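Open the model in your viewer and keep the sequence panel beside it. Each stop below says what to select and then what is there.

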Amino acid sequence: IKKYIATETMEGENLYDAEQYGKQEAIKGIRFLNLPPVLQIQLKRFDYNAKSFQFQKINDSFTFDEELDLDALLEFDENADKSIRNKYHLHSIVVHKGSVNSGHYYAFIRNHKDQWTCFNDTNVSICNKEYAFEMGVGGGSYEFKLIDENGNQTLYEKRKFDNLNAYMLIYIREDQLKEILAPFNKNEVPQEIAQIFSEEKKKYDK
């Protein structure tokens, strides 16, 4: 993020063309006036290889934090809203398993009770935070603890996932946590969606 907003001094042969004012020395860059309540960061796991002339998946190890303090991104702008504390908490980790041409996406999501759950198609299971983070880091070998449905640790093992890593990280700003992660109310589900789930449940019950 710091590289993304880094300024560039345009001088010498790289002067800025100010149209009717001619070429001028200038500082070019991006400024954030404010940051969103939900911050979605897409990691660049897919890129074009200029040597092989093909797209490739980048499986390098990339660690990420559970909390982000991004106030410093706004400090240099006098028009920034200083009343909001831009501290973020990780809410979801979307991972990709596979190659550049094929693969599978699934997600680890934290609820209002600080409990992590793995959503992998129809397979939904509770997991601990360490497991969710390790699945997202990428880069090779992982060590983690698995827990059963009651929250008890049952297994400690080591595996190698060369092609499994985080594709997107979703953070929620601290002042919005209670509102966005409020306990789920069934009455908030649109009737047509509730009807679809009800019909599918009847099929599975058979």
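## A tour from hairpin to helix

Start with Asp114, which is partly exposed because its relative accessibility is 46%. The model is a predicted one, and this residue sits in the loop between β10 and β11 (116-120). Its phi is positive, about 65°, although Asp114 is not a glycine. For comparison, most residues other than glycine have a negative phi.

**Stop 1: the hairpin around Asp114.** Select β10 and β11. These two strands form a hairpin with five residues between them, and Asp114 is in the turn. The strands β10 and β11 pair in the antiparallel sense, over four bridges. To find one place where they face each other, select Arg110 and look across to Trp116 in β11.

**Stop 2: the next hairpin.** Five bridges join β11 to β12, and the two run antiparallel. Thr117 stands opposite Ile126 in β12. This pair of strands also forms a hairpin, with two residues between β11 and β12.

**Stop 3: His104.** Go back to strand β10 (residues 103-110) and select His104 there. His104 counts as partly exposed because its relative accessibility is 27%. Which residues does His104 touch, leaving out those up to four places away in sequence? They are Val95, His96, Lys97, Asn120 and Asp121. With Asn120, the side chain of His104 makes a polar contact of 2.6 Å. His104 and Asn120 are 16 residues apart along the chain, and their C-alpha atoms are separated by 9.2 Å.

**Stop 4: strand β15.** Select residues 164-173, which make up strand β15. All 10 of the 10 residues in β15 are buried, so this strand is largely enclosed by the rest of the structure. Now show the strands that pair with β15. Strand β5 (residues 38-42) pairs with β15 in the antiparallel sense over five bridges, and Val38 stands opposite Ile172. Strand β9 (residues 87-98) is also antiparallel to β15, with nine bridges between them. Here Lys97 stands opposite Leu164.

Stop 5: Leaving out residues up to four places away in sequence, Leu169 touches Leu39, Gln40, Ile41, Leu43, Phe64, Leu90, Ser92 and Ile93. Leu169 is also one of the residues with the most contacts inside the largest nonpolar core, which has 28 residues. Helix α1 gives the largest share, five residues.

**Stop 6: a buried lysine.** Select Lys57, in strand β7 (residues 54-57). Lys57 counts as buried because its relative accessible area is 12%, and buried means under 20%. What lies around the polar end of its side chain? A polar atom of the Lys57 side chain lies 2.8 Å from the backbone oxygen of Asn163, and there is a distance of 3.2 Å between a polar atom of this side chain and the backbone oxygen of Gly98. Among the other residues that Lys57 touches are Arg45, Phe46, His96 and Leu164.

**Stop 7: helix α3.** Select residues 191-205, the 15 residues of helix α3. The helix should span 21 Å at 1.5 Å a residue, and its end C-alpha atoms are 21 Å apart, so the two values agree. Helix α3 is hardly covered, as the count of buried residues in it is zero.

**Last stop: the whole chain.** Clear the selection and zoom out. The protein chain has three helices and 15 strands. Of its 206 residues, 29% are buried. The accessible surface comes to about 14,900 Å², and 49% of that belongs to carbon and sulfur atoms.

Definitions and conventions: Residues are numbered from 1 along each chain as its sequence is written. This is a predicted model: local features need pLDDT of at least 70, side-chain atom pairs count only at pLDDT 80 or more; totals for chains, interfaces and linings use all residues. Side-chain values use heavy atoms; hydrogens and water are left out. Buried means under 20% relative accessible area, exposed over 50%, partly exposed in between (1.4 Å probe, protein chains only). Two strands pair if DSSP finds at least two bridges between them. Contact means heavy atoms within 4.5 Å. A polar contact is a pair of N or O atoms within 3.5 Å; within protein, one must be able to donate a hydrogen and the other to accept it, and residues adjacent in sequence count only if both atoms are side-chain atoms. Accessible areas come from the Shrake-Rupley method with a 1.4 Å probe; for residues, only the protein chains shown count as cover. A nonpolar core is a set of buried Ala, Val, Leu, Ile, Met, Phe, Trp, Tyr and Cys residues joined through side-chain atoms within 4.5 Å. The expected span of a helix is 1.5 Å times one less than its number of residues.
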